[in-house]
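Grab a viewer and work through the exercises below. Each one sets a task and then walks through a solution.

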There are 4 protein chains.
Amino acid sequence: MNKSTQLKRLIQSPTTDYIMEAHNGLSAKIVEEAGFKGIWASGLSISASMGVRDNNEASWTQVLDVLEFMSDATKTPILLDGDTGYGNFNNARRLVKKLEQRQIAGVCIEDKQFPKTNSFIKGEAQLLAPIDEFCGKIKAMKDTQQDEDFVVVARVEAFIAGLGLDEMLRRAEAYRQAGADAILAHSKRSDITEIESFVKEWSGRLPIIIVPTKYYMTPTNRFHELGINLVIWANHNLRASVNAMQNISRKLYTQQSLSQIEKNVSPLEEIFRLQNAQELESAEEKYLTGLPFEEGSE
Amino acid sequence: MNKSTQLKRLIQSPTTDYIMEAHNGLSAKIVEEAGFKGIWASGLSISASMGVRDNNEASWTQVLDVLEFMSDATKTPILLDGDTGYGNFNNARRLVKKLEQRQIAGVCIEDKQFPKTNSFIKGEAQLLAPIDEFCGKIKAMKDTQQDEDFVVVARVEAFIAGLGLDEMLRRAEAYRQAGADAILAHSKRSDITEIESFVKEWSGRLPIIIVPTKYYMTPTNRFHELGINLVIWANHNLRASVNAMQNISRKLYTQQSLSQIEKNVSPLEEIFRLQNAQELESAEEKYLTGLPFEEGSE
Amino acid sequence: MNKSTQLKRLIQSPTTDYIMEAHNGLSAKIVEEAGFKGIWASGLSISASMGVRDNNEASWTQVLDVLEFMSDATKTPILLDGDTGYGNFNNARRLVKKLEQRQIAGVCIEDKQFPKTNSFIKGEAQLLAPIDEFCGKIKAMKDTQQDEDFVVVARVEAFIAGLGLDEMLRRAEAYRQAGADAILAHSKRSDITEIESFVKEWSGRLPIIIVPTKYYMTPTNRFHELGINLVIWANHNLRASVNAMQNISRKLYTQQSLSQIEKNVSPLEEIFRLQNAQELESAEEKYLTGLPFEEGSE
Amino acid sequence: MNKSTQLKRLIQSPTTDYIMEAHNGLSAKIVEEAGFKGIWASGLSISASMGVRDNNEASWTQVLDVLEFMSDATKTPILLDGDTGYGNFNNARRLVKKLEQRQIAGVCIEDKQFPKTNSFIKGEAQLLAPIDEFCGKIKAMKDTQQDEDFVVVARVEAFIAGLGLDEMLRRAEAYRQAGADAILAHSKRSDITEIESFVKEWSGRLPIIIVPTKYYMTPTNRFHELGINLVIWANHNLRASVNAMQNISRKLYTQQSLSQIEKNVSPLEEIFRLQNAQELESAEEKYLTGLPFEEGSE
């Protein structure tokens, strides 16, 4: 089953599923090996890993290059956090072509304006995209995709912008009619009440995706009860790695020695395994007849 | 003081200094904030983070793109682990131009053949570069650099290839005469004996750099006694992050909840701080007069 | 004299100067060899050469990659046709950093909205950027540049948008106060009357740049009389090459033979000369001692 | 029919067919519109257009970026002049994956060593790749391709290296047995005698491809008589464009006026047509409901 079909079924399945953030080929493989059925290519995490801000400072093709490594390293479908689609409908439909070429399973776009701002930094201050314009963008993307299962998720920022439930419903419905495959309902409250209010009125017209970064204390069974289709752990690999790297860097700076470090980091062999070094060794035996490595030397 | 001058002084200083690995803009900033005076842009770590192997699977310009983000995110000098220079003398001198353009302070090249193999996977099996050819490469690089302090380090793989001390000395001396600024003496033994034997015969003709990944139990004061100029912690940020990401991914997969996760990862605000989000907010006040954010709304 | 200083003096000089379009490293070198003192890196030509539209279909870093080749191939200052700066003030100031890193001498931005449309396709139909927003963008760019001579040109699209002389003057004056180094007054009329009306009222407050693509019949001495500082031949290398390639392709398709073609194309040796192949041959003699080419074999 | 299948049939067809060089998206489209059934993505032309040398100065991913634009702009199959495969068997098989992802129909590799030298500059002086190593590379590439019709052409440089007919035949046969889909027999003589000698002994064991750049006076019917399967006009679009750009640049530099230029270059409208601007105008009507262009304004 191709990656788009896998992702589409994951989203349409009535059970609550979970996907996890990755930001490069390595973390994508780690997410896959942990057992997740999908990978969230987070705009925040990818930009942060590059050392730039989540405001389209990296170009969309720089993001695409990261995605290509992620897709090549895994068999699990990837859903891209595609910001606003990086411009207007024409940029967004061009993005779809490039994503499909790289076997990215789907993309989520949000109804903000380019260049975007992270929803947790600028919240109410940001102007949303006009509904008509955003619907045109969704239509253009759906008309462009070649694989009928490629997924376009519409992320609605009405709650983030402080516009309330009515606007949230109005936008979600418009995006549904424009052809979106799912609605990502975003909230920055520390509880799930906004999402609950939306879910009740929405009545399952399309699958619902949530990102509980801010309402992280919500118990899992609440997601199940609400019938949420997909939950995204949106940035936790990046945040775990920052924590770990800051700790190890400080320790090494202070201790000036590896002797107490080795046991706290993955063995070198684990890195080689993740890179699939073994496959290359086999291939060398097959394709490098005597060259450039001497026979029998290891 | 520009970055190349900083790096050159660090290497030439008689005291033992330490630099640490980074593999993207984010980890580079973490190394800098920990206090290190230099950053090691590791070929293994950069390739692993991309999800490819340490065999020049990523092109040299893909590596360059990563370096540009690393350099832009920091003020600390970066020493690139430049493999073989990615081809012959012409590729290597072209690399120098591109590195200087991006304010990379120096590059270390190793006397292997393109495409390279990681020294800890293929060791004795690999053929080294002919000495004359490698000397021509060093000369070409030194003749190309515009900043007189740009650093070219010659990494000698004679011990790795099982060729013994005489070959090690012969090569190091040839590379010194060709213009190298320092010798990186590499060893994959679990003790420091090979390095010791080299240091004694070498007698300080050029600064010595070591990478104690395999002889990690060697106590710090041994480096001092030997008069090692620079010690590289070569891949420990990557290995710490792999460990952390595998743990958090497994936990999240099993627990299906963030409630026990939040305290084990860096806060979102720490990510925003590392991205320097605050500077953009100030800049928006200065340059975005009323647009596109509404005045007084946050 | 560095490239930015060269360009700044060219623009500030009271005599009428001319620069010509290039769209890759090769055409940039051809412009330089023809004697021009500056190179116009045309957005239309670069996008057309890639086979995409002049609507920001190529990402800004893809354009940057082309510029890097252009800058590396020449010593003549390059002025980039930078569309809208590829987003808001933050994207535009980031662009300045990247351009300076690649020794691009200056950039021209136009007061449209991202993604842009070619001024000769959509004219009056397009909405211009709010003046305040565009002034903030100019200020941010000027505050970012490290080389005090880096040039920021403000291209005013008021005539193109059908808004008349008053709006043209109002915008030009605002951009001047915001810090622009020159005004590019654009017109799509087939005569120079709009430009004349502007020049008279402007009274030399800042240097004026024009692009007579549409009013190509205007005699040269009219530019001199008006005191135009810089005239841009904006897309003629591209258009000459299209004409030539269409002719040769059709001929070769029909004739199925090179015998009548050779005399109509540049000799292969001219291509090698433009690539500076001779320098590599000299360098090989210097740096490739016996390897990999056999001695005395040619 | 997909592009690989088109190319494979073109090569396997007993009639003599012709393909023509392109070096970017624009020239690829021009080749297609002229009627050619295939496009030769020339390494010399692509490097020259960038302003660098034909010695792997551009990285293989920079070439890949050009190919992606070429493939996106056309429906005609593209055969890449892939130099040596940009390294060893592992680099070459990685290349195949990346080419297939971008719908490039096939690749031609030559039995030289990385980094390559242009065959018309360094001829006899260059060492060829060991036969075994090159066969391993071909096998690795054929084993990697997903589309069974993806084409791998083996270019034999024995004549170029001055090694004679026996070596030419020995290598061609070895590459055939390794899985190559066709043999590109290269010669730098000004007559076709070397090729003739090869064709006679070869006896049609695999399709033969030639590049008559140096023996351009050979009449077409000679190709037919010899049963050549494919003839490549390898660099003539680039050479035509250089000639045209040098002429127009010199004229404009001297005349300082467009008045005599306009008739010698393609109209601007032809550039817009080649970029398919019309499609975007239609799409704007469909997807941009009222935004950002005002209704009825043009």
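This is a predicted model: local features need pLDDT of at least 70, side-chain atom pairs count only at pLDDT 80 or more; totals for chains, interfaces and linings use all residues.

**Exercise 1: a glutamate in chain D**

With which side chain does the side chain of Glu173(D) make a polar contact?

Residues are numbered from 1 along each chain as its sequence is written, chains are lettered from A and ligands numbered from 1 in the order in which they are written, and side-chain values use heavy atoms, leaving out hydrogens and water.

- Step 1. Find Glu173(D) in helix α7 of chain D, residues 164–178. Helices here are DSSP runs of H or I with at least four residues, strands are runs of E with at least two, and both are numbered from the N terminus.
- Step 2. The partner is the side chain of Gln177(D), at 2.8 Å. A polar contact is a pair of N or O atoms within 3.5 Å; within protein, one must be able to donate a hydrogen and the other to accept it, and residues adjacent in sequence count only if both atoms are side-chain atoms.
- Step 3. Skipping neighbours within four places in sequence, Glu173(D) is in contact with Trp202(D) and Arg205(D), contact meaning heavy atoms within 4.5 Å.
- Step 4. Glu173(D) counts as buried because its relative accessibility is 16%. Buried means under 20% relative accessible area, exposed over 50%, and partly exposed in between (1.4 Å probe, protein chains only).

**Exercise 2: a serine and a helix**

- Step 1. Ser249(D) sits in helix α10 of chain D, residues 236–255.
- Step 2. Leaving aside neighbours within four places in sequence, its contacts are Met20(C), Ile30(C), Val31(C), Ala34(C), Phe36(C) and Asn237(C).
- Step 3. Ser249(D) has 0% relative accessibility, so it counts as buried.
- Step 4. Now α2(D), residues 25–34: nine of its 10 residues are buried, so the helix is largely enclosed by the rest of the structure. Among them are Lys29(D) and Glu32(D).
- Step 5. After α2(D) comes Gly35(D), with a positive phi near 115°.

**Exercise 3: chain B against chain A**

Describe this interface, starting with its extent.

- Step 1. Count residues: 94 of chain B are in contact with 94 of chain A.
- Step 2. About 8,200 Å² is buried between the two chains, with carbon and sulfur atoms giving 63%. Buried area is the accessible area (1.4 Å probe) that two parts lose on being put together, summed over both.
- Step 3. Six salt bridges cross between chain B and chain A; a salt bridge is a side-chain nitrogen of Lys or Arg within 4 Å of a carboxyl oxygen of Asp or Glu. Glu279(A) pairs with Arg53(B) in a salt bridge, with the closest N and O atoms 3.1 Å apart.
- Step 4. On the side of chain B that touches chain A, α10(B) supplies the largest share, 17 residues.
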